[in-house]
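Subject: Structure for your files

Hello,

Here is the structure I said I would send. My notes follow below it.

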Amino acid sequence: MQFELDSVYTVKLMSGEELVVKVVESTDDSITVSEPVSVAPGPQGMALMPSLFTADHSHPITINKSSIVMQALTDEPVRIKYIEATTGIRVPEKKILMS
């Protein structure tokens with residue numbers, strides 16, 4: 001499994017849980033991520049919620065690669081929501097200027 005550092009990925013775990021994570025380190029056996037969030041259905045569609053409620057999120061979290069069954073770069077709209085949810089920074093919409 002190849003992961004680009006500082007990229008946002010969606011990973012599916014053997015448990016069936018789907019996570020959105022930012023990869024900060026990758027070794028042969030594990031990935032270290034910051035701010036992992038779980039994808040869950042909500043009243044207005046899919047929602048992002050903390051994966052570990054009691055963890056100290058100022059420290060990176062390690063996921064064993066053997067527990068990952070699928071991985072993909074996160075879709076742009078979800079990636080933007082992830083950035084907003086984990087950093088508080090609002091990503092502006094891409095607009096085309098026409099004169």
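Is E35 buried, partly exposed or exposed? E35 counts as partly exposed because its relative accessibility is 27%; buried means under 20% relative accessible area, exposed over 50%, and partly exposed in between (1.4 Å probe, protein chains only). E35 lies in strand β3 (residues 30-42), where strands are DSSP runs (E, at least two residues) numbered from the N terminus.

On provenance: this is a predicted model, in which local features need pLDDT of at least 70, side-chain atom pairs count only at pLDDT 80 or more, and totals for chains, interfaces and linings use all residues. Residues are numbered from 1 along each chain as its sequence is written, and side-chain values use heavy atoms, with hydrogens and water left out.

Strand β1 (residues 8-13) has 5 of its 6 residues buried, so it is largely enclosed by the rest of the structure. β1 runs antiparallel to strand β2 (residues 18-26), with 5 bridges joining them; two strands pair if DSSP finds at least two bridges between them. K12 has E18 as its bridge partner in β2. The two strands form a hairpin with 4 residues between them, and G16 in the turn has a positive phi of about 100°.

β1 also pairs with strand β6 (residues 68-73), in the antiparallel sense, over 5 bridges. There, Y9 has L73 as its bridge partner.

Two residues have a positive phi although neither is a glycine: D6, at about 65°, and E35, at about 50°. Most residues other than glycine have a negative phi. D6 lies in the segment before β1 and is exposed, with a relative accessible area of 55%.

Regards
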